[in-house]
Amino acid sequence: VSDWHAAVRGFPRERTWLLPALHAVGHELRWIPADALREIASHLRVPLSEAYGVVTHYPEFRLEEPRKRVVRVCTGVSCRIRGGLDLLKALQGAAGDDVTLEHFDCAFNCSVAPLVEVDGVHRGRVSVADVSAVISTPPHPALSPSGGEGSAGLLLPSGERVGVRGGSYSELLRHAQSLAQQGPTLVVGVGSCSLAVGVAETLAALREEVARRKWSARIVTAGCGGLCWAAPVVTMLAPDGEARVLIHATADRLPALLDAAAADRHEPDPGVGDFLSHQRRELTASCGLVDPDDIADAIRRGSYAALAGAITGGEPGAVIETAKAAGLRGRGGAYFAAALKWEGARNAAGSPKYLIVNAEEGEPGIFKDRHLMEGDPHRLLEGALLAAYASGATRVYLYIHGEAHLSAARMARAVEDARRWGLVGERILASDFSVDVEIRRGAGGFVLGEETALMESLEGRRAMPRPKPPFPTEAGLFARPTVINNVETLFAVPLIVAHGAAWWSALGQGHGTKCFGLSGHVARPGLVEIEMGATLRDLLERIGGGVPSGRALKGAVLGGPSGIIVPPRDFDEPLLPGGRVNPGTGGVVAIDETVAVRDVVRTLLDFNTRESCGKCTPCREGTARLRDMLDSSGSLDHSAVAELSEVVRVASLCGLGQAAPLSILSALREFPAELR
Amino acid sequence: MKLTIDGRGVEVLPGATVLDAVNRLDIELPQLCKDPDRAPLGACRTCLVHVEGQRGLPASCHLPARDGMVVQTTHPDAVKTRRAVLDLTRSMLSADDGRDDFGQLGEAASRHALAAPGHAAKHRFPVDASKSFFVLDREACILCGRCTTACDDVQLIGAISLIGRGHDMRVGVAGDALMSSSICTSCGQCVATCPTGALRPKETPAPITR
């Protein structure tokens, strides 16, 4: 018997809880029946028609009951060019009457494409030959089949849960050090990517093998270290620091790999060195090493030291000045100076002040923020606390994508542990600084990438951008001064505060480092961090290892549906904000010579058309008309397409609408022959 | 604050928008989603203007007036883009069934020499005449959001809402049911603010003859 009634009644009777209440019902029933919507609306005192307006606005809420099983095939660019459409076709013939078969825009797990989601569980690198077997094989028991909290079952209670509330930082550090264990470690990279390709089975097999061999090694479940292409990855860490990286360590290959390593016959894969040596891993330094569920491990690796230093200094303005001097710019894609937002909110009248962490990563082809949260959640939390300290915010909303279950589970654990350790809540680190942190989940709205739309969503409304001014720093969430920062931006903050502004501005021609999700036709898809000013050739060839088939690259989709398609002749241009090739949000999908640019553009444009929030006319109507032009059978009128694209770009209300036609404009410019 | 608009000087108080200044001079500029009594929505994108020294074509309804601003409503770029947006808007509507002028949209379209819509209609909605005093005719609706704002923010009723997203967006009530199923009180605020006559009074009944 489902208890969604109790769940709904448990929410405070305020509109801001509309999305959480819808999620609660959706989690229990897998869909939102009309009577549940009525009950939610009545409990939260939201007019029913408006609640209906909200529930129909977000793609993740189902208003029709699905069949017993739900199978979804990803047909985003990364998956479709690696066989996603073939999988869909194969399943259309094979799926039984008890299956609701759908395709969706992106699973945000592009590095293990092509991907099929079976009852909420991702299955990556699926081939047409075994797709039927894959959907009929039950997932590992640790992976919740309900699709609710995803892989929360794998979150091992490995860390110390007893806090030292009210202590100073040095007490915390001492306590964390007292919990340290010596001896060899086996680090398993457990991320969304590896979970889709069998790391749960690897983990179970590793536990058996270690027991059977009577090894004293500890097993640590970390996040993904970026080597998604090699997943599952097990790293053997000797006490002297020597590391052996076992790649493609599936359960069946694991015994042989362990035998070889134990007999000193481990042969390191040259791809691992090539993949890592051309990167500059600063933000991601601990990803794949630190146990994301163990706050003591994070503290021993330096987490919260920068926060402690800033609080002891007692000057929020000093944090602002440091970030300003470093030139830290927003990693959501707009590259606006982060410190100016903090300063604006600090100087604005009104209280309370809010900090929102935009972790609603919703642009198909981009998955870097998920990796960061899964890999090193305490670093994000520390960055958010520093930003809150700088801007005078007393409440932090961590707004996480509705389907990023592992990110949300790890962040929730991090926040809970930080609260126990006196790092979140009242009088942080025994100082006068108090801030609370709350996690909210999105519901798949691409438009939530727009800051004011996200604020509307937090208020329980349709995610539609507000006209500016007022700007969020003056009147944002609940009309109070609000700062909104992207996950990756906040990841850089503890490092900048710890190492100083000069350290950051010496990197990447003054722009620091940048994370990219690398996928498509590359040999080594994964999560990459490079200095700004590096080139697409660095990403695609030196790091990504080129096209596995040996075919030539036709181009690279840079920045998802708001991005552009870059031709090979621009692969040596430096990736710099404001430069000729703008790095955008941080997603690169390589397309080889067999891919039709027209299909890529059509996919991106179709997404922009369906996911337009609908508020302003140029974006809502213009993108649909552009899609019609691409779909029409006759020859494409380039000047008409360019003219209408220009209207959408210039006249749309928000940045997402303005960016919607960029992909087709770039294709017209660089690949005119493909758009006949 | 003194501004220059289309070569004419105008003075407005701090807090005013450029559109306020435009209206003060009685310059004809489309402003389909702007209710004169309410905050700007920024949805219809037809009040685009050119501002000297500023990139792009900002919507004047949510552009704060600044002292010394030089604004052109008749700049060729602004006119061209505004005309294209009006065309997209006009293409949402169908002109048969006695719908012909579309109120403010019709006036703006004819001022911009838009005879026929440049794009084919994409949908067909039946007229919802379930309420006694007015109709909801989605074939004349440009989704500006004035009616839903009036219902929610002004009357605090919330009988109607914007529903769906993207190109499927529509004005309606819970469950996409008829207006009469909603909590609408027929207050008339939505009808009063609708710029195109999508929400319009029913014909006055003939006087009763004894």
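## Aromatic pairs

Over all chains, the structure holds eight aromatic pairs, where rings of Phe, Tyr and Trp (its six-membered ring) pair if their centres lie within 6.5 Å, and planes under 30 degrees apart count as stacked, over 60 as edge-to-face and the rest as tilted. The rings of A:Tyr58 and A:Phe61 have centres 6.2 Å apart and planes at 75°, so this pair is edge-to-face. A:Tyr58 is buried, with a relative accessible area of 1%, and A:Phe61, at 9% relative accessibility, also counts as buried; buried means under 20% relative accessible area, exposed over 50%, and partly exposed in between, with a 1.4 Å probe and protein chains only.

The rings of A:Tyr389 and A:Phe433 likewise form an edge-to-face pair, because their centres are 5.0 Å apart and their planes stand at 75°. This pair links distant parts of the chain, 44 residues apart, with A:Tyr389 in helix 18 (residues 377-391) of chain A and A:Phe433 in the loop between helix 19 (405-420) and strand 11 (436-441) of chain A; helices (H or I, at least four residues) and strands (E, at least two) are DSSP runs numbered from the N terminus. Both A:Tyr389 and A:Phe433 are buried. Ring pairs also join A:Tyr354, A:Tyr397 and A:Phe478 into a cluster.

## Basis of the model

This is a predicted model, in which local features need pLDDT of at least 70 and side-chain atom pairs count only at pLDDT 80 or more, while totals for chains, interfaces and linings use all residues. Residues are numbered from 1 along each chain as its sequence is written, chains are lettered from A and ligands numbered from 1 in the order in which they are written, and side-chain values use heavy atoms, with hydrogens and water left out.

## Nonpolar cores

A nonpolar core is a set of buried Ala, Val, Leu, Ile, Met, Phe, Trp, Tyr and Cys residues joined through side-chain atoms within 4.5 Å. In the largest one, which has 81 residues, A:Leu22 and A:Ile356 touch the most other members, and helix 2 (residues 18-29) of chain A gives the most to this core, with six residues. A second, separate core of 65 residues includes A:Tyr169, A:Val319, A:Ala390 and A:Leu490.

## Cavities

A search of the whole structure finds eight cavities of 30 Å³ or more, a cavity being a set of points on a 1 Å grid over the protein atoms alone where a 1.4 Å probe fits but cannot get out, with lining residues having an atom within 4 Å of a point. The largest cavity has a volume of about 140 Å³, and of the 17 residues that line it, the closest to its centre are A:Ser612, A:Cys613, A:Cys619, A:Cys654 and A:Gly657.

Methods. On a 1 Å grid over the protein atoms alone, a cavity is a set of points where a 1.4 Å probe fits but cannot get out, and a pocket is an open set with protein on both sides within 12 Å along at least five of seven lines; lining residues have an atom within 4 Å of a point. Grid points are joined across faces, edges and corners, and a volume is the space filled by probe spheres set on the points.
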